[in-house]
Amino acid sequence: MNGKRKSLISSIMGICVAVVVVTAAGIGGNSVVSLKSMATSAYDTYANAVNEGYNDEIKSQVQSTLSILQSEYDQYQAGGKTEEQAQEDAKEIIRAMRYRDDQSGYFWIDGIDYTLVMHPILTEQEGSNRYELEDQNGVMITQEIVKVCQSADKSGYNEFYFTKADGVTVAPKVAYSGIFEPWGWIVSTGNYVDEMNMEKAEMKVVLDKGYYSVLIRTVAVFAVVIIAALLVAFIFGKR
């Protein structure tokens, strides 16, 4: 009789524990999957926002710079300056312009004839024809810039590899260009993709830490539930 009683207790405990384990595993597993999905979705949303933010920034900067060219051109048209002086003033204003907190954003000007009109870093190349300028993947950089500015929108984005300001590092770059038609000048600026990816990677680390922190808490709760189930099963089994 005592053996049967112990067997009954064991059976009740086993059933209770099995029910709790299966239930907890289902809830816990679903929670973990949901958390991972939320973390991934949050990162994707942030990454897209970063890309759009950077792209919107360079587009806005080019549009503002084109307005400077228009202002100088208007002064020439009004007789306040010669065309040569207006062009020279415009080049020097844009040469000195920088944006972003670290002042890393700059502009360059290509002619519709592929001549480099102004570049604040590659000053020694000004006046040279860059029709054959090609990146490591065979992208004809200046040709693509001119092509996008000859489209219906008269502006657009291009992607290519280019040397950074240090003169050594070559990295992928997203550029935006717009044309000032009266002078046939194309104003461009851009973002280096590796710098954008670095910002996104920092956020991914933050999101991953949050995910693993919640995961650890979920596992801890799961363990507590199992232990509690064992105790309850034992108590009710004894009764």
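This is a predicted model: local features need pLDDT of at least 70, side-chain atom pairs count only at pLDDT 80 or more; totals for chains, interfaces and linings use all residues.
Me: OK, let's do strands. Which strand does β3 join, and how many bridges are there?

Reply: Strand β3 (residues 155–163) is joined to β4 by nine bridges, and the two run antiparallel. Strands here are DSSP runs of E with at least two residues, helices are runs of H or I with at least four, and both are numbered from the N terminus. Two strands pair if DSSP finds at least two bridges between them.

Me: What's the bridge partner of Asn158?

Reply: That's Ala175, over in β4.

Me: And what joins β4 to β5?

Reply: Eight bridges, again with the strands antiparallel; β5 covers residues 185–192.

Me: How many residues sit between the strands in the hairpin of β3 and β4?

Reply: Six, and Gly167 in that hairpin takes a positive phi near 75 degrees. The hairpin of β4 and β5 has four residues between its strands, with Gly184 at a positive phi near 65 degrees.

Me: Is β4 mostly covered or uncovered?

Reply: Mostly covered: nine of the 11 residues in β4 (170–180) are buried. Buried means under 20% relative accessible area, exposed means over 50%, and partly exposed is in between, using a 1.4 Å probe and protein chains only.

Me: Switching topic. How many salt bridges are there?

Reply: The count comes to 10, where a salt bridge is a side-chain nitrogen of Lys or Arg within 4 Å of a carboxyl oxygen of Asp or Glu.

Me: Which residue does Arg100 form one with?

Reply: Glu57, with the closest N and O atoms 3.3 Å apart. Arg100 lies in the loop between α2 (83–96) and β1 (108–111) and Glu57 in helix α1 (residues 2–77), so the pair ties together parts that are 43 residues apart in sequence. Glu57 is partly exposed, at 24% relative accessible area.

Me: What's phi like at Arg100?

Reply: Phi there is near 80 degrees, a positive value in a residue other than glycine. Lys154 also has a positive phi, near 60 degrees, and lies in the loop between α3 and β3.

Me: Back to salt bridges. How far apart in helix α2 are Glu92 and Arg95?

Reply: They are three residues apart, so about one helical turn separates them. Their side chains meet in a salt bridge at 3.1 Å, N to O. Glu92 is partly exposed at 37%, while Arg95 counts as buried at 18%. Elsewhere, salt bridges that share partners join Glu72, Lys81 and Asp89 into one network.

Me: Are Glu72 and Lys81 buried or exposed?

Reply: Both are buried, and their side chains meet in a salt bridge at 2.6 Å, N to O.

Me: Which residues line the largest cavity?

Reply: Among them are Trp108, His119, Arg130 and Phe162. The elements giving two or more residues to that lining are α3 and β3.

Me: Where is Arg130?

Reply: Arg130 is in the loop between β2 (116–118) and α3 (141–149), and is buried at 6% relative accessible area. Leaving aside neighbours within four places in sequence, Arg130 is in contact (heavy atoms within 4.5 Å) with residues including Trp108, Asp110 and Phe162.

Me: Last one: what volume does the largest pocket have?

Reply: About 170 Å³. The largest pocket is lined by 15 residues, with Ser104, Gly105, Tyr106, Ala165 and Tyr192 nearest its centre, and β5 gives the most to the lining, with four residues.

Note on methods: Residues are numbered from 1 along each chain as its sequence is written. Side-chain values use heavy atoms; hydrogens and water are left out. On a 1 Å grid over the protein atoms alone, a cavity is a set of points where a 1.4 Å probe fits but cannot get out, and a pocket is an open set with protein on both sides within 12 Å along at least five of seven lines; lining residues have an atom within 4 Å of a point. Grid points are joined across faces, edges and corners, and a volume is the space filled by probe spheres set on the points.
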